[in-house]
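Please open the structure in your viewer and keep the selection tool at hand.

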Amino acid sequence: MKEKLASLWQRLFGDSVRAFGAVSVIFLLSIAIAPAKNFFSEWRHYQHGYLRMIRNRSDANTLHRHFQPGIRQIWLPGLDVVDRCTSCHVGLNEALTDVATQPYRKHPVIPHKLDQFGCTICHRGQGAATTVAEAHNSTLAWEQPILPAKYIESSCGQCHGGPLPGTPRLNLGRYLLARQGCVHCHTVNLPDGSTMKATDDPPSLSHIADKTTREWIFAWLKDPQAYATTSTMPNFKLSDDAARDISAFLIANSTPIPGDSAAPSAKASADPAAGASLYGESFCASCHAVQNAAGNVVGGDVGPELTRVGSKVKPEWLQGWLQNPRAYDTETRMPHYRFNDAQVAILSGFLLAKTDSDLLANVHLEPPTSEQIARGKRLVSDYGCASCHEIAGVKKPENFAPELSRIGSKPIAQLIFLPGMQHTLPEYIAGKIKNPRAFSPGLKMPQYTFTPQQIDALTTALLSFNDRSLTLPSSLVLSTVLESNYQPAGKAGKLMTDLACFSCHRINGHGGDMAPDLTWEGSSVQHDWLVQFFKNPGTLRPALIRRMPRFNLTDNEVNELTDYIMTVYQSPAIDRDSMPLSGYSPGQIELGKQLFYGKYSCQGCHIVDPKTDKGYIGPTLTHVGSRLTPAWIYQWMKNPQSLRPGTIEPSRAMSDEDARALTAFLISQKGEGKQEVAQK
Amino acid sequence: MKAQAVILAVFALLGSSCSRKSHSATAPKPTAFGAAIVESSGGKQVTQTGDLLAQPIIVQVNDEQGSAVTGALVEFTAAPGVSFDPAVALTDSSGQATTNVSLGGMAGRYQIAASTLDKSHKRVELKLEEIALGYQQTLGRRLNDQYCDRCHNPESTVERVSNYDNLEVKPHPFDEGDTLNKMSDADLTAIITNGGPALQKSALMPAWGNTLSKSDIQALIAYIRAVADPPSRSAGPIYAQTSVATR
């Protein structure tokens, strides 16, 4: 063995010429390593594979012409993007719809051009890398791996602040961040400079002893979902002692509502049938949900669920609340219904019967000691209760929980993962939302009851808050549509606040979306119709559940509201008096009728003659001539979207003559001698 | 000799440790075997890419007489990217096995295979299909929900009463692949843009060209292609367990 080695050595390096030759060969070989490495690189391998794949296709010529060999790169200095992904993903822009293998798949259709935004802005990963592992995975030099496809909508949210029609997951996530009150504790500063605001409405606890008992507070604190499955209050997993002390503090800290000493004059009366019918007539279910016998929670989510409300509220409080909710809470979204005493008695009796004997069965609390009350106060500030609730004597804590404005770029090195968890940021965020206390029993973040879909949505929304979103060029920051702080003026304005019109209706960018936008209602409807509608509201659409309650308004109040709406809520595009209410020629009306049933086939969605028409989608038009103004109808025929963006009615680009004839026909529909279609 | 023995021993050790690892992940042992596997519910759902299906997939294992078998092992498999919770399950007392499914990140159809072993240890398989919508199809679905669904979907719900029964000429539901697959993209674009009369069809189908943008209409067509049953050729590939299933 030794001898063989020695002879090899002798042969290679025996004399200076041999040594020079051998060293040269070794030197040349080592120089060749770099080009060889380049020659055997992954991207070249994938490009060869692509060429092999397209060779036998019918469109091979086109594909060949488009193919450019070598490392490809999308360089966008303004966005800090150097993406070489297209070196391997060669077919991204080709019409290879039938190819399912990566990296050759066609990019799905999106609203942006790939060479305008590159790849990593949406997909993350290391754009400048030229190997699969470095581009896709986390490396020491690059933390952000490729984003799993299910969170891809978060990337849309980096620029687009408002809800987009094509990103339901992102929209839901953002909605939940506001609706579930996450942003009470976690500050989120948005790229447009605004701060995310919560849209839930946690009640003030300063007068809570008026409203409920300490026993109920205890049960609620222990498990809010046991009282109402739809509650947005999370479970803080409090011990019995902690719940005992907090409930003791809240009751001891509560003060009576000033000026609310007048005891309600009504007594609860037990008449379930009358109660149910008043509950239905008043459209309580538009805002409040109740769990039915099948276990489904049915109703709106503007107000709290009422399934077990009888186990919660004190009868006197409920009666006072029904008489005038604004006396207890000036900010409430509940309308002031102007119920009479008999109605309050019936409705409160009906609601108080909604009890759950199990809820408070095991709650037995001794009268509290002053130590317990003091400890309760400490717990209230420890858990940050005042972040959401107003509590007299407890200041709302600033920055109670970590700010989330850049959570989507949080370095993985700063995260602590649970055993068995994938070490990626989305996994961490989703895991934290799912079960926060699993990360440490001492954490204060409470337990929410999110579905897996909701957790994905929240994770998507949170990933959109990142370094990139906050450092975008201002031309790319498309801000959210901010809620205006419009307030109607004067007596009518006060009345509208009292009736909580804005809980359902939107006017000038402020208010809810349950009922029609009223910004231009004054141009739309006729005075007398509006008066009648306030006195006896009905639904206009057979296919819609009626929601507008009757508020038992006085004639004065009705006139006040009608006059205000007719004068103030006018569209600049409509001159109400430009077209007459009557005097159209029979020929014009007949032409309109022909257009209605023929060319435009409006009967597909509307009913003019209840005997023959069946259209269920749009408003019933049997009385439209006494409801809408002709100028509004004409403009609506020309372009409905300009009056009500997003309306289902398609814009037909009608000629002026057609629009005028249809207006004439519709305005002749005054409902005289016709039976109103049976209302649901 | 000695060296060979040592090498053999090392390989044997490695082998056994590996096999133990893979065995520890497998789930319960079947206590019974069926003859057939049928769908109870959960097929043909439409969701977004990467999303958890709203309803779980439930399959039932039956014996030769058609009665349910308890304790049969059902295995769920699909293309890479699809995940199951759980991937293997024993049938319960009503012969059913349930799994929650998250679809992969690519838009298209996903073939889900549920299989069980029969008495002779032959594999009996059931194939289901689920539909994942990408960006464009999701946009199309939203437009469908807002504008089209009320007439084109015969089913009524509390929130959305269907207008289908009220129309003299019945619209085609969008999953009616037999009819809609025969229409070209150009035909669909024409009828959506200019209304029924554009293709000598009923004027009850209004023109949407002034209401929807061109890309909206493309999105709508992408959605119609995605949900067609039988599947449309232009909806892209079907993702199956091993590779891409061919049509």
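**Strands of chain B**

Select strand β3 (residues 57-62) of chain B and strand β7 (residues 96-102) of chain B: they run antiparallel and are joined by four bridges. Strands (E, at least two residues) and helices (H or I, at least four) are DSSP runs, numbered from the N terminus. Two strands pair if DSSP finds at least two bridges between them.

This is a predicted model, in which local features need pLDDT of at least 70, side-chain atom pairs count only at pLDDT 80 or more, and totals for chains, interfaces and linings use all residues. Residues are numbered from 1 along each chain as its sequence is written, while chains are lettered from A and ligands numbered from 1 in the order in which they are written.

Now pick I58(B); opposite this residue, in β7(B), stands T98(B). Click S83(B) to find its bridge partner in β7(B), S102(B).

**All of chain B**

Which elements does chain B contain? Show the chain as a cartoon: there are five helices and 11 strands. Of its 247 residues, 37% count as buried (20 or more other C-beta atoms, placed from the backbone, within 10 Å of the residue's own).

**Where chain A touches chain B**

Select both chains. The contact takes 31 residues from chain A and 31 residues from chain B; two residues are in contact if their C-beta atoms, placed from the backbone, lie within 7 Å. On the side of chain A, the elements that give two or more residues are α9 (168-179) and α20 (452-463).

Definitions and conventions. A residue is buried if 20 or more other C-beta atoms lie within 10 Å of its own, exposed if 12 or fewer, and partly exposed in between; C-beta atoms are placed from the backbone.
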